[in-house]
Amino acid sequence: MTETDQLTLIRSSFALFRDHGDKLAAHFYATLFLHNPQLRELFPAAMDVQRDRLFQALAGAVRMLDRPAELTVFLQQLGRDHRKYGVRSEHYAAVGQALLATLARFAGPQWSPAHERAWTIAYHQIAATMSGAAETEADRTPPFWHAEVVGHERRGSDLAVLTLRPHAPFPYRAGQYTTVETPRWPRVWRPYSIANAPRQDGLLTLQVRAVPAGWVSNALVQHTRVGDVLRLGPGRGTLVLPERPARRVVCVAGGTGLAPIKALVEAMITHNRPLTLHLFVGARHQRDLYDLDALRQLAAAFPRLLLVPVVSDEIGWAGVQGRLPEVVPAQGNWQDHEIFVAGPDAMVISMVERLHRGGVPADRLHYELSTTPEVLDITSGLLEHTEPPKPGSGRPATGDITPR
Ligand SMILES: NC(=O)C1=CN([C@@H]2O[C@H](COP(=O)(O)OP(=O)(O)OC[C@H]3O[C@@H](n4cnc5c(N)ncnc54)[C@H](O)[C@@H]3O)[C@@H](O)[C@H]2O)C=CC1
């Protein structure tokens, strides 16, 4: 079977599953657990979110099949990230069997031996790439880090700043995110940006907003205390400082999008010391500007940091008023600036589009979206246990200005 034949068979059969996402996933997990009850304990108690992820993961992999280099990078990362769930190489065969049986069932009469072969080959390649990367990584880093909560500060009714002390050195770059599991919700992991540049004492801060029905965010904000121990996945994400030192910089943070931006600002102040550094911090209401005191301290220590709080939804606010995508382009000519943007996807997309239209080259625009295919894939693997990113999370897509 040629690669082209394989691709055609997989894509054509995939179209048959499209309308069965939920049922297909439910059948897959039922089959998997029926034949391998010992695997149930790798998954969270509630499987509804998990089921949604399966079809997205398959769609992501099928989409990338004709881009092998990209697919390999994605699968390697997925394999490394599955270590924290306790996934081992021998589990992949069981998953493959359940998957193939499920696909055959949902494809119906159109399923042929050729389809079976094409999917089997593809799955073996996927499993080999994932488990190979996981094994290589096992020589270098632990699958997860325990981290003690050494500070828990409420900033308003739905927001908390957590300070964590990992039990072992936790390598990451300013602007990256980690995934967090709380003892309250075992095996449910959610991504949160790390809100500080790496420090000598190894402490990490998270800025977490509790969102409606957000299991982990509510546990972290409402029910977590100093002394609790969380688990952290490895640092991830591409919203990091570029190789070339940034000389003139604009940072834009909307809501808890401040977390990665604050880490980047700290790193720049320590290492690059840019000539100009504008920091726009947007919130809906004045009371939502939850970290102003700390930002003012940064500005006092580094006078070239110009801090601009922006409030969008409160009449009577005496400072800059409006939505970030309208305010920031109007405040200056940023064509020769390095721009970092984080916050709600709609804000980030609108901001990046406007700045690009205004002449800022794509390679100077740094941001991440929660809905990029890459992210969807990473957070929704066959065995992945995370929801789409929530507040406080950071996503890879730096420099790509195409909204997805
Ligand atoms: N790397 C990243 O980009 C990161 C993104 N986030 C995301 O940031 C978001 C933060 O949520 P909240 O704190 O509740 O922020 P929020 O919804 O209260 O909004 C914060 C700011 O963004 C503006 N904004 C919101 N929607 C907008 C839109 N459609 N168009 C233009 N401006 C808009 C608001 O006016 C305000 O200035 C979450 O969705 C979270 O996932 C969080 C951390 C990192």
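**Cores, domains and selected residues**

I begin with methionine 351, which touches Val252, Leu324, Pro325, Val328 and Val341, leaving out residues up to four places away in sequence. Please keep in mind that the model is a predicted one.

Which residues have the most contacts inside the largest nonpolar core? They are Cys251, Val252, Leu264, Val341 and Met351, in a core of 71 residues. Helix α8, residues 258-270, is the greatest contributor to this core, with seven residues. At least three residues come to the core from each of domain 2 (145-232) and domain 3 (248-378). Another core lies apart from this one; it has 23 residues, including Leu9, Leu58, Tyr123 and Ala134. As general background, nonpolar side chains in soluble globular proteins tend to be buried together.

Let me turn to the domains. The domain assignment lists domain 1 as 3-138, domain 2 as 145-232 and domain 3 as 248-378. Between the C-alpha centres of domain 1 and domain 3 there are 38 Å.

Next, a pair of helices. Helix α2 (residues 21-35) and helix α5 (residues 91-107) have axes that come within 9 Å and cross at roughly 135 degrees. The two helices, α2 and α5, are therefore oblique to each other. Their crossing is right-handed. On the α2 side, the contact is made by Leu24, His27, Phe28, Thr31, Leu32 and His35. On the α5 side, the residues involved include Ala94, Val95, Ala98, Leu99 and Phe106.

I now come to individual residues in loops. Where does histidine 167 lie? Histidine 167 is in the loop between β2 (159-166) and β3 (177-181). With 14 other C-beta atoms within 10 Å, histidine 167 is partly exposed. Setting aside neighbours within four places in sequence, histidine 167 is in contact with Trp145, His146 and Ala147. Histidine 167 is also 9.7 Å from valine 229, C-alpha to C-alpha, although 62 residues separate them in sequence.

Finally, two arginines. Arginine 187 has a phi near 70 degrees, a positive value in a residue other than glycine. Arginine 187 is placed in the loop between β3 and β4 (190-193), and is partly exposed, with 17 other C-beta atoms within 10 Å. Arginine 273, likewise not a glycine, has a positive phi of about 50 degrees. Arginine 273 sits in the loop between α8 and β8 (276-283). Is arginine 273 buried or exposed? With 12 other C-beta atoms within 10 Å, arginine 273 is exposed.

Notes. Residues are numbered from 1 along each chain as its sequence is written. This is a predicted model: local features need pLDDT of at least 70, side-chain atom pairs count only at pLDDT 80 or more; totals for chains, interfaces and linings use all residues. A nonpolar core is a set of buried Ala, Val, Leu, Ile, Met, Phe, Trp, Tyr and Cys residues joined through C-beta atoms within 7 Å. A residue is buried if 20 or more other C-beta atoms lie within 10 Å of its own, exposed if 12 or fewer, and partly exposed in between; C-beta atoms are placed from the backbone. Helices (H or I, at least four residues) and strands (E, at least two) are DSSP runs, numbered from the N terminus. Domain bounds come from an automatic or database domain assignment. Two residues are in contact if their C-beta atoms, placed from the backbone, lie within 7 Å. Axes are lines fitted to C-alpha atoms, for helices over the stretch in contact, and angles run from 0 to 180 degrees between N-to-C directions. Angles under 35 degrees count as roughly parallel, over 145 as roughly antiparallel, 65 to 115 as roughly perpendicular and the rest as oblique. A crossing is left-handed if the near helix is turned anticlockwise from the far one by less than a right angle, and right-handed if clockwise.
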